[in-house]
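Q: Please take a close look at one part of this model, the loops and the helix packing around them, and describe carefully what can be read from the coordinates.

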Amino acid sequence: MRILVTGGAGFVGSQFVRALLLGRLASGAGARVTVLDSLTYAGNEANLSPVAGREGYAFVRGDVRDPVVVDEVVRGQDAVVHFAAESHVDRSIADAAPFVATNVLGTQVLLEAARRHGVGRFVQVSTDEVYGSIAAGSWTEGSPPAPNSPYAASKAGADLLALSYHRTHGMDVVVTRCSNNYGPYHFPEKMIPLFTTNLLDGRKVPLYGDGRQVRDWLHVLDHCRGIDLVLRGGRAGEVYHIGGGTELSNRELTGLLLRACGAGPDRVEHVPDRKGHDLRYSLSFEKIREELGYEPLVGFQEGLADTVRWYREHRSWWEPLKGRAALPV
Ligand SMILES: NC(=O)c1ccc[n+]([C@@H]2O[C@H](COP(=O)([O-])OP(=O)(O)OC[C@H]3O[C@@H](n4cnc5c(N)ncnc54)[C@H](O)[C@@H]3O)[C@@H](O)[C@H]2O)c1
C-alpha cells in the first residue's frame with residue numbers, strides 16, 4: 001500500500017510513521033510511505049531519524065494548503081492519513097488564523113486532490129475536543145460537535161468537510177477522534193512534556209486555575225494502533241473514537257509527574273486559567289472495540305514512567321525545542 005502521511009514530522013504522525021516502517025503496525029507490511037510536512041515550529045525531522053533512509057520512505061517538505069505540492073504528492077497514493085494541523089489550544093486563543101488556514105483549508109485542499117486522483121481511503125485524524133465539555137458520562141460517535149476553542153472548532157470544521165466528501169462524492173473517508181496522547185517526541189509546549197522537562201531542569205510547572213480539568217489519557221502508540229485498525233477495516237463515512245480509559249484531573253497528573261521526577265509540591269505555580277477551558281472530556285470507544293477489536297495496550301503507570309525516562313535520556317532532543325515552545329505575544 002502507498003500511504004501519504006501528512007504532518008508526519010509531528011508528535012503523533014511521526015509515531016505512526018516509525019511504527020509503520022519498523023513493523024509495529026499491520027498496514028506497514030510492504031508499505032511505501034511518503035511524509036508531507038511543512039516543518040512548522042512543531043515539526044521536527046529528527047522525529048523521523050529512526051526511519052530515515054529506509055526502503056519505501058520519502059520525506060517531502062511542503063504545505064497542505066499548497067494545491068500544487070499536494071496534487072503532486074497525492075497522485076498515485078492508495079491512502080492518505082491526515083495528521084497535519086496546528087494543534088495547540090493556547091496558540092489558537094492567541095491567534096486563530098493559522099488554525100483555520102491549515103486545519104480547515106488544508107484539509108479541503110487534500111480532500112480535493114484525493115478525490116481527483118481516486119485515492120482509495122482518506123483517514124481524517126481528529127480529536128475528542130470537537131465535542132466541547134461533558135460533565136458526566138461519555139460521548140459516542142453520534143454526539144453532536146460543540147467545540148469551544150478555535151482549535152477544536154477548526155478540527156470540527158475539517159471533520160465535517162471530510163464527511164461531506166464521503167456523502168457528496170462517495171469518497172472513502174473515515175474520521176478518528178482520539179483523547180489526549182502522551183509519549184516520546186512530544187513537543188514541550190503540551191502539558192506532560194512541558195511539566196516533565198521543566199521539572200528535569202529544576203524549574204516550576206504552570207498549573208492552570210485549580211487544576212480540576214479532567215482528561216482521558218492514551219499512549220501515542222495505542223492511538224496509532226487505533227488509526228491502523230481504522231485504516232484497514234473502518235467503514236467508509238464513519239467516525240471512530242480511540243480512547244484510553246485513564247481519566248485524570250490536571251491536578252492528579254501534576255502529582256504523578258512531581259513524584260516521577262522526584263520533586264515536591266513547591267514546584268507548582270498556579271497560573272490564571274485558560275480562557276474557555278473545557279472541564280472534562282470523555283470518549284466511549286465501544287464502537288472501535290466491537291467492530292475492529294481495538295484495545296489500549298500500554299498501561300498508564302508504565303507508559304508514564306517510560307515517557308518520563310525518555311525525556312530524562314533525550315535532553316539533546318528537547319533542549320533546543322524549549323525556546324521554540326514559548327507562545328507568540
Ligand atoms: N496530540 C494529541 O493528544 C492528539 C489527540 C487527538 C488528536 N490529535 C490530532 O493528531 C494530529 C497530530 O497532532 P500532534 O499532536 O502530532 O501535532 P503536532 O503539532 O505535534 O504536529 C503537527 C505536524 O503538522 C505539521 N504541519 C502543521 N501545519 C502544516 C501545514 N500547513 N502543512 C504541512 N504540515 C503542517 C507540523 O510541522 C507538525 O509536524 C492533529 O490533527 C491533532 O488534531 C492529537
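A: L39 sits in the loop that runs between β2 (32-37) and β3 (57-61), and in this predicted model its phi is positive, about 55 degrees, although the residue is not a glycine. Most residues other than glycine have a negative phi.

Y185 has 23 other C-beta atoms within 10 Å, and because the cut-off for a buried residue is 20 or more, Y185 counts as buried.

The loop between β3 and α2 holds D63, which is buried, since 20 other C-beta atoms lie within 10 Å of its own. Once its neighbours within four places in sequence are left aside, D63 is in contact with S38 and V69. By contrast, D63 and G30 are separated by 33 residues in sequence and by 27 Å in space, taken from C-alpha to C-alpha.

Helix α2 (residues 67-74) packs with α4 at an angle of about 40 degrees, and the axes of the two helices are 9 Å apart. Angles under 35 degrees would count as roughly parallel, so at this angle α2 is oblique to α4. The crossing of α2 and α4 is right-handed. On the α2 side the contact is made by P67, V70, D71 and V74, which meet V109, L110, A113 and A114 of α4. The residues of this contact divide into seven nonpolar and one charged, with no polar residue.

The shell around the ligand comprises 30 residues, of which the closest are G7, G10, G43, A85 and N181. Sorted by class, the shell has 12 nonpolar, 13 polar and five charged residues.

Technical notes
Residues numbered from 1 in each chain as written. Predicted model: local features only at pLDDT ≥ 70, side-chain atom pairs only at ≥ 80, totals over all residues. Helix = DSSP H or I, 4+ residues; strand = E, 2+ residues; numbered from the N terminus. Buried ≥ 20, exposed ≤ 12 C-beta atoms within 10 Å, placed from the backbone. Near = placed C-beta within 6 Å. Nonpolar A, V, L, I, M, F, W, Y, C, P; charged D, E, K, R; others polar. Axes fitted to C-alpha atoms, helices over the stretch in contact; angles between N-to-C directions. Parallel < 35°, antiparallel > 145°, perpendicular 65-115°, else oblique. Left-handed = near helix turned anticlockwise from the far one by under 90°. Contact = placed C-beta atoms within 7 Å.
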